[in-house]
Amino acid sequence: MNILEFSLLVWLGSFSAGFIGALTGLGGGVVIVPLLTSVFGVDIRYAVGASLVSVIATSLGAASTYIKKGYTNLRLGMFLEVSTTIGAIAGAIIATFVSVKALTIVLAIVLMYSAYLSQRPRLEQVEDDIADPIANYLQLNSTYPTTNGLMPYHVHAVPAGFSIMLVAGVLSGLLGIGSGGFKVLAMDQAMRLPFKVSTTTSNFMIGVTAAASAGVYLARGYIDPGLSMPVMLGVLPGAFLGARVLIGAKTQILRIVFSLVLVVMALKMVYNSLIGGL
């Protein structure tokens, strides 16, 4: 395989990752890292570095559409980014001292859990009750567009969501995946936001989280321009397409297919690490 063929295949895989990442809110990194390591044989640290670049591109590609349509809760996203940014920097520093095999196993576990999250049914609308006092004080409650007009919603359990975001930030810096699954978990399950608000706000946040940890990988020399460029060029148009499809799409079937793909990738990575390397 020559450089042109390699770059083209990476671009195609990255386009698909950007599309699915923007559509589900999980971030394209959950596909990029196992794709580069399992299929193309890239060292996981360089794969993580390229993935962080792709996550930033995914966020930029999707966030503009979501903000324009009124789905993203910007105030909540910026508040939670305080937690994820601290975690991302810590995770990126830890990653430089952890073995490749350990990173592979952790990534496989995260892939399995992301697969579980991606196929769980969620309600589009959430019944309002008493909002969190912190949410009221910080004015985090908002509205989002529906077929029946703007629908108000309340933000709940702000301390719990903030804590989960810290874990998401550490995983993002450690694995370069954006940790969209954990961000969606925090907002959708703990903070009880409408699904589309959770997904779109997650896409807005993952770029900031990835940028915080990308600097550490860049300083360590783990971001290869020759690898990162086709990844970014593929992810960006895929993210734009996924963002446009999300607004009117029912994604349950895609979630089931995506979860199966994640499970297969996770099992393949574990096999390559524990059995293939013996």
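These legends walk through several close-up views of one predicted protein model.

Because the model is predicted, local features need pLDDT of at least 70 and side-chain atom pairs count only at pLDDT 80 or more, while totals for chains, interfaces and linings use all residues. Residue numbers start from 1 along each chain as its sequence is written, and side-chain values use heavy atoms, with hydrogens and water left out.

View 1. Helices here are DSSP runs of H or I with at least four residues, strands are runs of E with at least two, and both are numbered from the N terminus. Reading from the N terminus, the order is α-α-α-α-α-α-β-β-α-α-α-α-α. Of the 278 residues, 53% count as buried; buried means under 20% relative accessible area, exposed means over 50%, and partly exposed is in between, with a 1.4 Å probe and protein chains only. Take the contacts (heavy atoms within 4.5 Å) with a separation of 6 or more, and 83% of them link residues 24 or more positions apart. The protein exposes about 11800 Å², with carbon and sulfur atoms supplying 71% of that; the areas come from the Shrake-Rupley method with a 1.4 Å probe, and for residues only the protein chains shown count as cover.

**View 2. The hairpin of β1 and β2.** Strand β1 (residues 142-146) and strand β2 (residues 149-153) run antiparallel and are joined by 5 bridges; two strands pair if DSSP finds at least two bridges between them. The hairpin gets from β1 to β2 through 2 residues. Across the pair, Tyr-144 faces Met-151, and Pro-145 stands opposite Leu-150.

**View 3. The largest nonpolar core, 37 residues in all.** A nonpolar core is a set of buried Ala, Val, Leu, Ile, Met, Phe, Trp, Tyr and Cys residues joined through side-chain atoms within 4.5 Å. Leu-36, Tyr-217 and Val-231 have the most contacts inside this core. At least two core residues come from each of α1 (3-24), α2 (29-39), α3 (44-69), α4 (74-95), α5 (100-119), α9 (195-219), α10 (225-248) and α11 (252-275). The biggest giver is α3, with 8 residues.

**View 4. Zooming in on Tyr-217.** Skip the neighbours within four places in sequence, and Tyr-217 still contacts Arg-45, Val-48, Gly-49, Leu-52, Ala-92, Ala-95, Gly-173, Leu-174, Tyr-222 and Ile-223. There is also a second, separate core of 18 residues, with Tyr-71, Leu-76, Leu-80 and Met-187 among them.

**View 5. A nonpolar patch on the surface.** Leu-8, Leu-9, Trp-11, Leu-12, Met-229 and Leu-233 make up this patch, and together they have about 540 Å² of accessible area. Patch residues have over 30% relative accessible area and no salt bridge; like charges are joined within 9 Å, and nonpolar side chains (Val, Leu, Ile, Met, Phe, Trp, Tyr) within 5 Å. As for the salt bridge, that is a side-chain nitrogen of Lys or Arg within 4 Å of a carboxyl oxygen of Asp or Glu. Both α1 and α10 give two or more residues to the patch, and α1 has the largest share, with 4. Leu-8, in helix α1, counts as exposed because its relative accessible area is 51%.

**View 6. Thr-72, in the loop between α3 and α4.** Thr-72 has a relative accessibility of 13%, so it counts as buried. Leaving out residues up to four places away in sequence, Thr-72 touches Tyr-66, Ile-67, Thr-200, Thr-201 and Phe-204.

View 7. Most residues other than glycine have a negative phi. With 28% relative accessibility, Ala-157 counts as partly exposed.

**View 8. Asp-43, in the loop between α2 and α3.** Asp-43 is partly exposed, at 36% relative accessibility. The C-alpha atoms of Asp-43 and Val-33 are separated by 9.6 Å, with the two residues 10 apart along the chain.
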